[in-house]
Structures are given as C-alpha cells and as structure tokens.
Amino acid sequence: MLQKFKKHIAVNFPFLEGKKILIAISGGLDSVVLSHLLSSINISEVSLAHCNFQLRGDESDLDEQFVINLGEKLNLKVFKTTFNTKEYSEENKLSTQLAARELRYNWFQELAKKHHFYYTLTAHHADDNLETFLINLTRGTGLEGLTGIPAINKNIARPLLVFSREEIKQFALENKIDWREDASNAETKYVRNKIRHEVIPKLKELNSNILSSFEKTSNFLLESQQIIDDRIEDIKGKIVSIENNITQIDIEKIQQLSN
C-alpha cells in the first residue's frame, strides 16, 4: 500500500509536496494509518490535529493521550482541543454528529489560518464514500449529492479515497500499527453504521468489486455535474447582466430554455 500511496500522491496530490500539512486524527485506524503513510514518504511538514468531543467519557481522554503519544513516536507536532459537544448540539439544535462535524471543521480552519497550513487532510476512504452515496440516495438528493465525498474541497484534501477499509487495515496489521477502536462504530442506531454493517456487506455479496464499480459511477456523475456547471455558466452570460450593482435576469429567455 505504501508504494501505491506514494504514486497516488505524486500523480493526484503533487501540490502537497513541501507544504505545511495538518492531519485530522481521531486515533482510529484510518487517520492513524494516514499519519504513518505521510510520515513515511516525508514529502511535507506534517502536524496532527485531534478533537476531544467529550462524548465517550474516559475513552475520549485515552484517545487524546494515544494521539499525543503517536505524535511523539512519529516526531510530529500535535494540536489538540476539547469541545462540549452535547451543549453545542443543544444550543444550535443539531444532532451530535453534525455538531461534532461543525466544531472540528471550524477548528481546522482556525488552525490553518493561524499556523499557515496549506491543506488539512482527512482519512476518508472508499468505503466512507460509498456509505455517503447511499445515505444521500436514501434521503433524496440531486446529482451533486450522488457524487460522493470530494477528494479536494477548498483546503480540505482526502488522499485515502482510492483505498478500501480492508486495504488500510491490512497495512496496519502488516506493519504492526496500533490504533484506537471506537465502540460506538459497532452500534447500528446511527444511519451510517446501519449502512456500513448491514447494507454494504450485502452489496459486496452481490458484487465483490462494488467499490471499484462505485468509483467508476462516481466519476461519471462528476463529469455530468461538470457539464451542467459549464452549461449554467454559458447561459448565465446570456441572461444575466449587472449594472450599477443591480443584477438583472431575463425571465423570458429562461422560460425558453430546457430544464
């Protein structure tokens, strides 16, 4: 996997070389392996960022200490913060998961601005991508919601999207890499976990290459989305005009267009 990862970075993420990079790390398998991989190829100035969401009692504190120890082992600087996630979710009327997501991404942006990190890397992989697609599909979504997790979104990059969860775990076992297990990942009360543990295994029974098949489909959808975006930009130039800070839209021309 290391050689495949090295080639993947050289081909698809060459802009990371020599830059200050922040890795979002929970202490779980995926982010720990990403940290080891980037540390091994030594192309960037890497630091780790860990959020303690105080959702799992002592386990959350043990995750934090694990990340601190990993930073010392890999000789990487560790940034850490603690959130009262439940209070934030109640105040903002968000689910616990959405609250945690909002808190961590806001913090990553603060770190990037303060310490001049070029990109923040998350450890989303191919299985995560398929799960997101299925979640959006079941809830109802437009084309954009079916294109999966973007590999690059502004200053967030996800270099593990081409790797399966199985590949990542195999790399960790072969290289005797330790990680922290979050017991809540095994619970099926959350939609994502239900899809992960009950739906995707059935899909893999039907098609053992479901991840590569989905990757092809996702690329086709992304290309379709690009065609639509290009078409909208073309139309915009013909029906929208801005003069003296006033935007005018030609309704008659819009009505003559197809969807």
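1. The side chain of Thr 122 makes a polar contact of 3.3 Å with the side chain of Arg 158. A polar contact is a pair of N or O atoms within 3.5 Å; within protein, one must be able to donate a hydrogen and the other to accept it, and residues adjacent in sequence count only if both atoms are side-chain atoms. Another polar contact, of 2.8 Å, joins the side chains of Thr 122 and His 124.

2. The model is predicted: local features need pLDDT of at least 70, side-chain atom pairs count only at pLDDT 80 or more, and totals for chains, interfaces and linings use all residues. Residues are numbered from 1 along each chain as its sequence is written, and side-chain values use heavy atoms, with hydrogens and water left out.

3. Thr 122 has its place in the loop between β4 (119-121) and α6. Helices (H or I, at least four residues) and strands (E, at least two) are DSSP runs, numbered from the N terminus. Thr 122 counts as buried because its relative accessibility is 4%; buried means under 20% relative accessible area, exposed over 50%, and partly exposed in between (1.4 Å probe, protein chains only). Leaving aside neighbours within four places in sequence, Thr 122 is in contact with Ala 24, Leu 34, Tyr 105, Ile 156, Ala 157, Arg 158 and Pro 159. Contact means heavy atoms within 4.5 Å.

4. Helix α6 (residues 126-139) and helix α9 (residues 210-239) have axes that come within 10 Å and cross at roughly 60°. The angle therefore makes α6 oblique to α9. Angles under 35 degrees count as roughly parallel, over 145 as roughly antiparallel, 65 to 115 as roughly perpendicular and the rest as oblique. Axes are lines fitted to C-alpha atoms, for helices over the stretch in contact, and angles run from 0 to 180 degrees between N-to-C directions.

5. The crossing of α6 and α9 is left-handed. A crossing is left-handed if the near helix is turned anticlockwise from the far one by less than a right angle, and right-handed if clockwise. From α6, the contact involves Ala 126, Asp 127, Asn 129, Leu 130 and Phe 133, and from α9, Ile 210, Leu 211, Phe 214 and Leu 221. By class, these residues are seven nonpolar, one polar and one charged. Ala, Val, Leu, Ile, Met, Phe, Trp, Tyr, Cys and Pro count as nonpolar, Asp, Glu, Lys and Arg as charged, and the others, Gly among them, as polar.

6. Gln 225 is also found in helix α9. With a relative accessibility of 15%, Gln 225 counts as buried. Apart from neighbours within four places in sequence, Gln 225 is in contact with Leu 143 and Glu 144.

7. The axes of helix α2 (residues 29-41) and helix α7 (residues 165-174) come within 10 Å and cross at roughly 65°, and this crossing is left-handed. Leu 29, Asp 30, Val 33 and Leu 37 of α2 meet Ile 168, Lys 169, Phe 171 and Ala 172 of α7. The residues of this contact comprise six nonpolar, no polar and two charged.

8. Asn 42, in the loop between α2 and β2 (45-52), has a positive phi of about 50° although it is not a glycine. Asn 42 is exposed, with a relative accessible area of 60%. Asn 245, in the loop between β7 (240-243) and β8 (246-249), has a positive phi of about 65° and is likewise not a glycine. Asn 245 is exposed, at 81%.
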